[in-house]
Amino acid sequence: MKYDIIVIGSGPGGYVAAIRAAQLGKKVAVVERAEAGGVCLNWGCIPTKALLKSAQVYNYCKSAEHYGLNFAGEVRPNLEKIVARSRGVAETMNKGVLFLLKKNNVELINGFAKLKGNGRIDVDGTEYEADHIILATGARPREMPFMPIDGEHVISSKQALVLPKLPETMIVVGSGAIGSEFAYFYAALGVKVTIVEYLPQIMPLEDEEVAKTMERAFRKLRATILTSTTVKSVKVNAEGKCDVEIEGKKGAETLVADIVLSAVGIKSNIEGIGLEELGIKTERDKVLVDKQYRTNVPGVYAIGDIVPGPALAHVASAEALCCVNAICGVHSEPVDYTTIPSCVFTSPEVASVGMTEQQVKEKGIDYKVGRFPFTASGKATAAGDRDGFVKLIFDQNDKLLGAHLVGANVTEMLAEPTLAKSLGATAQQIAHTIHAHPTMNEGVMEAAEVALGAAIHV
């Protein structure tokens, strides 16, 4: 069977590429070995957010008296039902992707694809041909030799989504977005959580002030935070618990927990798909591409988690559009990797775009900062969610360099600073844009006013 474009992988990069190509009049097929929608929709972003929503509702119920409400009985989490709801949400999104593929006449081929050269691929013994092949095979949890994943005692994010019961204790190794979100979820439901982070701060990619705020938030949940700490080994003892040997600020010690969650990053799915046979260049398990996502082999492209850059669903989708537009001769600006928004859905939430203050300092850029604490926000006070702040970093020409937000619903506020940075907006333009009152988003305007020395409310 001959196609114009074959996409290997149906995650946020793959299905977006396929649908865009079909909209541009191409005959398209997608090859998927698992569920349509990839890890994000089935075992990542979406079901995780469903779990976190349950934890948020549980916390609201526990603090109902603060809002003038009385419950007749004790509110308890039911993990089985929480997980079932999460899986139902994922199934709904999976069906949505299948519908979109069918609506746009994209053929879905189930199986494992391998490049064969000259525009050909093999899918479990059947050969297909295309003028253009886009690799969007995604990534999986990285497994470390000192912490082998058995799926029961030492688990990955996939098992963390579907635990049959709440453990009493859990050690989360790694405090990036995945580790922090699961640490919050289980701590919020009453599990005694310990976060072990190799680097000096939790959420190492975030601004230092944001990380400190989140460290306090985790401690309110009675979670233990161990930074600058190395995990030496994880072993299952005779009682079925995990002995975790660590070395940190207090020296070497052994922690014990019911479950260890390995959240130490991801690994690209590039093995066995024919890269070596075709001579496609890779570096550190990433496929090397140009600005239009062409590999060094004509007719073969790569997007998403398998290419250098942030491994985020929205980045994969942006790369997909840029790649397909280039294939089809439609003008498209290159993806701007300096303006990639990032979100962590803990409570409080974390949202950021652009450079952190530390990065600005390292580059020797003259800058100024505007901060607005949510303790001064009427909407935050009324909602009972006053933790956090908006922090905007501007250069000496008042152009926005970075935005860092921590607080309730700040992931929904991030689009404005992202657009502002993309358009080169100044502090004056942000400050002079009338923001609705009362909203959390007023904090962006207020932070810009602080940077200009024109603050009224702080």
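When I call a residue buried, I mean that its relative accessible area is under 20%, with exposed meaning over 50% and partly exposed the range in between, using a 1.4 Å probe and protein chains only. Helices (H or I, at least four residues) and strands (E, at least two) are DSSP runs, numbered from the N terminus. What we are looking at is a predicted model, in which local features need pLDDT of at least 70 and side-chain atom pairs count only at pLDDT 80 or more, while totals for chains, interfaces and linings use all residues. Residues are numbered from 1 along each chain as its sequence is written, and side-chain values use heavy atoms, with hydrogens and water left out.

Let me begin with helix 9. In this helix, which runs over residues 313–327, the buried residues are V315, A316, S317, E319, A320, C322, C323, V324, N325 and I327. They pack against strand 1 (2–8), helix 1 (14–23), strand 6 (126–135) and strand 19 (300–302), where contact, here and throughout, means heavy atoms within 4.5 Å. From its first C-alpha to its last, helix 9 reaches 21 Å with 15 residues, close to the 21 Å expected at 1.5 Å a residue; that expected span is 1.5 Å times one less than the number of residues. After helix 9 comes G329, which has a positive phi, near 75 degrees.

I turn now to helix 4, residues 79–103, which has 25 residues and reaches 36 Å between its first and last C-alpha atoms, close to the 36 Å expected at 1.5 Å a residue. Its buried residues are L79, I82, V83, S86, A90, N94, V97 and L101, and what covers them includes helix 1, strand 2 (28–32), helix 2 (38–43), helix 3, strand 3 (107–110) and helix 6.

Two packed helices are described by the angle between their axes and the distance between the axes. The axes are lines fitted to C-alpha atoms, for helices over the stretch in contact, and the angles run from 0 to 180 degrees between N-to-C directions.

How do helix 3 and helix 4 cross, left-handed or right-handed? Their axes come within 8 Å and cross at roughly 145 degrees, and the crossing is right-handed; a crossing is left-handed if the near helix is turned anticlockwise from the far one by less than a right angle, and right-handed if clockwise. On the helix 3 side the contact is made by I46, P47, A50, L51, K53 and S54, and on the helix 4 side by I82, V83, R85, S86, R87, V89, A90 and M93. By class, this contact has 9 nonpolar, 2 polar and 3 charged residues, where Ala, Val, Leu, Ile, Met, Phe, Trp, Tyr, Cys and Pro count as nonpolar, Asp, Glu, Lys and Arg as charged, and the others, Gly among them, as polar.

Within helix 3, S54 is buried, with a relative accessible area of 16%. It touches I82 and R85, not counting residues up to four places away in sequence, and the C-alpha atoms of S54 and I82, although 28 residues apart along the chain, are separated by 6.6 Å.

Helix 3 (residues 45–62) also packs with helix 6 (residues 177–188), at an angle of about 35 degrees and with the axes 9 Å apart, and this crossing is left-handed. Here T48, K49, L51, L52, A55, Q56, Y58, N59 and K62 of helix 3 meet E181, F182, Y184, F185 and A188 of helix 6, and the residues of the contact divide into 8 nonpolar, 3 polar and 3 charged.

E181, in helix 6, is buried, with a relative accessible area of 6%. Leaving out residues up to four places away in sequence, E181 touches T48, K49, L52, C343, V344, F345 and T346.

UniProt positions are given in the numbering used here, with feature names shortened, and annotations may be inferred rather than shown by experiment.

Finally, the UniProt annotation "active site", also from an unreviewed entry, covers H437. H437 is found in the loop between helix 13 (427–431) and helix 14 (442–451), and it is exposed, with a relative accessible area of 63%.
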